[in-house]
Amino acid sequence: MAMLPYTLLAVVVVLAVSSVQSDAEPVRIQLRLAGEKRKHYEGRVEVYYNNEWGTICDDDFDMSAAHVVCRELGYLGAVSWSPSAKYGKGEGRIWLDNVHCTGRETSLADCPSNGFGVSDCRHSEDVGVVCTQKRIPGFQFISTSSNDVETLDVRVEDVRIRATYSQRKRVPITEGFVELKDAGKWRQICDEDWNMMNSRVVCGMYGFPGVKGFNTRAYKLLSQRRKKNYWGFSVNCTGNEAHLSSCRMGKVLKLVGNSTCVRGMPVVVSCIPGRAFAPTQSSGFRKAYRPEQPLVRLRGGANIGEGRVEVLKNGVWGTVCDDNWDLKAATVVCRELGFGTAKEALTGGRMGQGMGPVHMNEVECSGFEKSLTGCFFNKDSLGCSHEEDAAVRCHVPAMGFHNRLRLGGGRNPSEGRVEVLAERNGSLVWGTVCSESWGIMEAMVVCRQLGLGFANNAFQETWYWPGDVSADSVIMSGVRCSGTEMSLAQCLHHGKHISCPKGGGRFAAGVSCTQTASDLVLNAEVVEQTTYLEDRPMYALQCAHEENCLSSTANPADQGSYRRLLRFSSQIHNNGLSDFRPRAGQHSWIWHECHRHYHSMEVFTHYDLLSLNGTKVAEGHKASFCLEDTQCDEGIEKRYACANFGQQGITVGCWDTYRHDIDCQWIDITDVKPGDYIFQVVINPNYEVAESDYTNNIMKCKSRYDGHRIWTYNCHIGGSRSSELDDFPGILTNQLQRR
């Protein structure tokens, strides 16, 4: 393995005396965090000794030693430590072994050990640590006596973009002076050695994908009137760093009072926000120009700017295998989608498993590609399964959405009555939301806006959650959301003209949120392969008739007549991160004597036959008479079974199969004329149960019926195909399709 570049390393210079070295000879050491798939505050611990970098063996290493390491690097302490080369195997010598710290040492070199270079370990035992993200206030990260300062990383307490007075009311703040907090004070950076790569990193960490120019003269005049307190170093970024703390230090800046940075001024950045975050969105050309079909999208994420990465190829959406998945590739995805740099490159299906093909494997990006499809990758994804689907978490702009919404009265911060901040009579006041038409889609937006994940439930009565009495008045009504909005204010609503017949109080809207949700997906291939017609006499359909599984024309039909049924099997997978459970409690399930089973949901699926213009020509519905784990992936145990009034649901990684030969597993097409149709199945059609993705709850097939036979073909899940499948296939091979 090649030596990782210094830009990935967290380094600090310390002067210490080893407990096993001669007291007369001080030992100069440096510590750094290195390794694969890590954040800047975690990694493999490496020690620089005797002009050579080496690692530490995990033998006898503990949290006390981890605390010493993290504090030596300027963090408040350690969160955890990892044995067995979690962050990859290091190179060179294993400098320390059997390290024993009390936790009070100021340097790792003060801890007893076997001595430098005395070890019987291999690099498969390299130790790693995770430090707290908070820095030690006032910590002196750089020793100015060091002759290799430019090999060190930027280590400051905080970074901010300080907007000018005229820009401060803009949301998000995209332009201003860059300031670093060091030794407890905010300081400016001299721009004499500043470049666009540095600006690119600052904008990226604040959630912006690009950089633009600004009015230099105006900022020059403004800076001349301000008192300045410059930081003592310049900054040297490559442009690929996810955070300024991953950039290298530049040269030392000579601080000479008012004469500091005489040929320059404080650094200013101006960032380009993604389209969804633009302060003022131009609408003049929206009708004239159709937005381009995206090549990359995120699915299954609980919050804005995170999700499973999916790419479009040959008109079909597929996933990315996590082999070699890193922050560079993740950052390309984030910038492409209008966010900043990536906070995390997630592996192992952490955002749920996708369906369909795995389009990309072993992705390698330089970090400057415009799209993930421009990176090198291996189109052969043999050995990759959806358990290895890659995902990202991106830096997003600070929009302040969470400041205009709150939950009141709940038992925990993730539930309560929804209270919004709105302007009334020239002042901002808190009030409630009318619960009329309030549902899971609206609740999804609330939870996302507050950063609380997915909606678990939407409540139309909240009398059991006494919120702030001063916020009892209804100030928002008629709320209708598609579920994709970033804030409740972006949903359709009545505006200032409130209409809420029920009033607020006990009927105010409420939500409960959760960080994980289920995700039901129908296996389209099973439907396509099992579809057939059956003519069945009415006398054999009495139970199904009682449960409204036949067309209304069956009501006057005599017992000797026949109904023509379009039968099929359905296999419903839970690809989410939590079990799918009926919303109603077991005590409220309804017993159906005819079929001798309980219904846990009034309607679980809709089965429809549509004309080519979308009009229903036949329909059916499926009450969830038995939600259970029919089969599961290897290593997952079944949890739900309907027998003996058992618990109903579908476990993550399992699927429920409804065979073609059971009652109501059909559409009654007795009255349908021959022709071409669309066969449609919708799971969880009323959004009774929260899911991470509702777009894949719909399956559509093309059907041709000649009066005697039926052909069902081209079945696919909603969202699995390009919206312009015929003329925009996406990437055809390793290269981006030219248009």
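Visitor: Which residues of helix α3 (residues 216–224) are buried?

Guide: Those are Y219, L222 and S223. Buried means under 20% relative accessible area, exposed over 50%, and partly exposed in between (1.4 Å probe, protein chains only). Helices (H or I, at least four residues) and strands (E, at least two) are DSSP runs, numbered from the N terminus. A word on the source: this is a predicted model, where local features need pLDDT of at least 70 and side-chain atom pairs count only at pLDDT 80 or more, while totals for chains, interfaces and linings use all residues. Residues are numbered from 1 along each chain as its sequence is written, and side-chain values use heavy atoms, with hydrogens and water left out.

Visitor: What makes you say the buried residues of α3 line one face?

Guide: Seen down the α3 axis, they fall within an arc of 95°, so they line one face of the helix. The arc is that of the directions from the helix axis to the C-beta atoms. These buried residues pack against β9 (175–182) and β14 (268–272), with contact meaning heavy atoms within 4.5 Å. R217 and Q224, on the other side of α3, are exposed.

Visitor: Why is A85 called buried?

Guide: Its relative accessible area is 14%, and the cut-off is under 20%, so A85 is buried.
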